Every structure is written in C-alpha cells, then in structure tokens.
Amino acid sequence: MQLGLPFTAAPVAPTRVVIAPTSESALAPTRVSSVAPTSDSEIPPIYFVRHRLARRYLLRVDHDGRVRVTIPRGGSKREADAFARRHLDWVSRQRERLTPSTVGLEERRSLRMKARAELPVRLRELAAAQGLTVTRISIRNQRTRWGSCGRDGHISLNWRLVLMPPAVRDYVLVHELMHLRRLDHSPAYWRLVAAACPGYREARQWLRTNGPALR
Ligand SMILES: [Zn+2]
C-alpha cells in the first residue's frame with residue numbers, strides 16, 4: 001500500500017494522423033517530380049505494415065517522426081512506397097508539427113537527470129533536519145502524483161519537482177517524510193507537516209493552481 005500525493009491529470013495529446021489517398025486529393029501534390037527527393041537523406045524513415053482490413057494505402061507519422069505506410073489487402077510494398085513518396089509534402093508538414101515535442105523530450109531527459117542528482121540530496125537534508133532516516137529513494141515519472149511513501153519507508157519522487165519553486169518542492173518532500181511518522185492524512189499528520197513546513201498551505205495552493213500545467 002502506498003500513499004500518494006495526487007495531481008489533476010490532463011488529457012493526453014493525440015498520437016496519430018491518417019489521410020486516405022483517394023478522398024484527400026487536395027493534399028496530393030500536382031507535380032510528383034517536384035516533391036520526389038533525389039537524395040535519401042531527405043526521406044524520413046519509412047516502415048510498412050500490412051493490414052488485410054485496410055481498403056486503401058494509409059500514411060501515418062509516428063511521434064518519433066517515423067512514417068508508417070499501411071498496405072491494404074492486394075497492395076504491394078512498391079505501390080506503398082510510391083504512395084508515401086507522392087505525399088512527402090504532407091509528411092514533412094506533419095513532421096514539422098512534431099518538432100516541439102521532440103525538443104520537449106530532450107528537455108525532459110535532462111530535467112530527469114537533474115532530478116536524480118538533486119532531489120535525493122535535498123530529501124536527505126530535510127530528513128536529517130527532522131531526525132529521520134530515509135532507507136530508499138526513487139525518482140519516477142508518475143503521471144498522477146508528486147510523491148509517495150510506502151510502508152517500508154521507500155519514498156518515490158516525481159522528477160517534475162525540479163520544475164517547482166524550491167519552497168513548494170520542499171513541502172512535497174516534507175509531506176512524504178512526515179509519512180515516515182504517520183502513514184495517513186489525519187489531523188495529527190497535518191500537525192506534523194505544519195510544524196516541519198510552516199508555509200505548507202501556500203505550497204498546496206500553488207500545487208492546485210500550477211501543478212496540472214507541469215505535466
Ligand atoms: Zn500524503
């Protein structure tokens with residue numbers, strides 16, 4: 001059993017875009033030669049999947065920028081390849097739209113490294129100030145909570161804590177540390193939090209207001 005500190009979940013961004021070649025004729029280039037690249041470096045990574053229920057060739061750009069071409073029953077890889085090349089304009093527009101989230105992923109990676117470097121150190125500092133010892137700390141990518149504390153004293157922290165003002169981050173750390181004393185949210189528990197973190201009400205308000213945007 002774990003006690004978590006939840007935050008409001010927002011809907012996940014859409015993951016796929018599909019066009020049908022015959023019904024979306026406006027998207028088809030009028031001069032094929034003008035969009036067919038001469039160098040392979042301009043062609044994004046393409047992979048093919050066969051789908052016997054598909055009735056036409058389908059193009060999809062994955063989140064990682066790869067292009068998936070669905071081959072319908074009776075279709076061929078050669079036609080699928082030609083189909084994809086005819087729609088490279090559309091593909092590159094879709095891939096441009098992906099760029100911000102790709103950058104976001106890189107940034108996330110470095111923020112998670114920062115979290116692994118900084119959060120355990122800060123948690124142990126705050127624990128020592130309270131005369132507590134933490135046995136095990138994990139930095140995680142929880143989708144619904146800022147932190148949790150298990151019965152075995154294992155504290156898990158969300159890497160997104162490094163995006164918060166230090167006072168709010170410290171409140172979350174103290175919140176989990178106080179669960180080492182009381183594994184509930186009783187009035188007695190909140191008295192412990194208030195004693196260790198006098199500004200905890202403002203921190204909780206900050207989390208309610210700004211927390212969902214940190215996802
Ligand atoms: Zn709690």
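Me: Where does His 185 sit in this predicted model?
Reply: In this predicted model, His 185 is placed in the loop between H4 and H5.

Me: Is His 185 buried, exposed or partly exposed?
Reply: His 185 has 14 C-beta neighbours inside 10 Å, so it counts as partly exposed.

Me: How far apart are His 185 and His 175?
Reply: Along the sequence, 10 residues separate His 185 from His 175, and their C-alpha atoms are 9.9 Å apart in space. His 175 belongs to H4, where it is among the buried residues.

Me: How many residues of H4 are buried?
Reply: H4 is mostly covered, with 11 of its 13 residues buried. Among them are Val 168, Arg 169, Asp 170 and Tyr 171, as well as Glu 176 and Met 178.

Me: What span should H4 have, and what does the model give?
Reply: At 1.5 Å a residue, H4 with its 13 residues should span 18 Å. The C-alpha atoms at its ends are 18 Å apart, which agrees.

Me: Turning to H6, which of its residues are buried?
Reply: H6 covers residues 200-210, and Tyr 200, Ala 203 and Leu 207 are buried there. Viewed down the axis of H6, these buried residues fall within an arc of 60°, so they line one face of the helix.

Me: Why would residues three or four places apart point the same way?
Reply: An α-helix has 3.6 residues a turn, so residues at that spacing point the same way.

Me: What is on the face of H6 turned away from its buried side?
Reply: That face carries the exposed residues Gln 205, Arg 208 and Thr 209.

Me: And what do the buried residues of H6 pack against?
Reply: They pack against two helices, H4 (166-178) and H5 (187-196).

Me: Which residues meet between H4 and H6?
Reply: From H4, the residues are Ala 167, Val 168 and Tyr 171. They meet Tyr 200, Ala 203, Trp 206 and Leu 207 in H6.

Me: What is the geometry of the H4 and H6 axes?
Reply: The two axes come within 9 Å and cross at roughly 105°. That makes H4 roughly perpendicular to H6.

Me: How far is Pro 120 from Ile 137?
Reply: Pro 120 and Ile 137 are 17 residues apart in sequence, and their C-alpha atoms are 6.6 Å apart in space.

Me: What about Gly 74?
Reply: Gly 74 is in the loop between strand E4 (67-71) and helix H2 (77-86). Gly 74 has 9 C-beta neighbours inside 10 Å, so it counts as exposed. Its C-alpha atom is separated by 9.6 Å from that of Arg 50, 24 residues away along the chain.

Me: How many helices and strands does the chain have, and what pattern do they follow?
Reply: The protein chain has 6 helices and 7 strands. Read along the sequence, the pattern is β-α-β-β-β-α-α-β-β-β-α-α-α.

Me: What share of the chain is buried?
Reply: Buried residues make up 22% of the 215 residues. As for contacts with a separation of 6 or more, residues 24 or more positions apart account for 56% of them.

Me: What is the mean pLDDT, and where is it below 50?
Reply: The mean pLDDT of the protein chain is 80, and 77% of the residues reach 70 or more. The pLDDT is below 50 over residues 8-41, a stretch that has 38 contacts in the model beyond near neighbours in sequence.

Definitions and conventions: Residues are numbered from 1 along each chain as its sequence is written. This is a predicted model: local features need pLDDT of at least 70, side-chain atom pairs count only at pLDDT 80 or more; totals for chains, interfaces and linings use all residues. A residue is buried if 20 or more other C-beta atoms lie within 10 Å of its own, exposed if 12 or fewer, and partly exposed in between; C-beta atoms are placed from the backbone. Helices (H or I, at least four residues) and strands (E, at least two) are DSSP runs, numbered from the N terminus. The arc is that of the directions from the helix axis to the C-beta atoms. Two residues are in contact if their C-beta atoms, placed from the backbone, lie within 7 Å. The expected span of a helix is 1.5 Å times one less than its number of residues. pLDDT is the predictor's confidence in each residue, from 0 to 100. Axes are lines fitted to C-alpha atoms, for helices over the stretch in contact, and angles run from 0 to 180 degrees between N-to-C directions. Angles under 35 degrees count as roughly parallel, over 145 as roughly antiparallel, 65 to 115 as roughly perpendicular and the rest as oblique.
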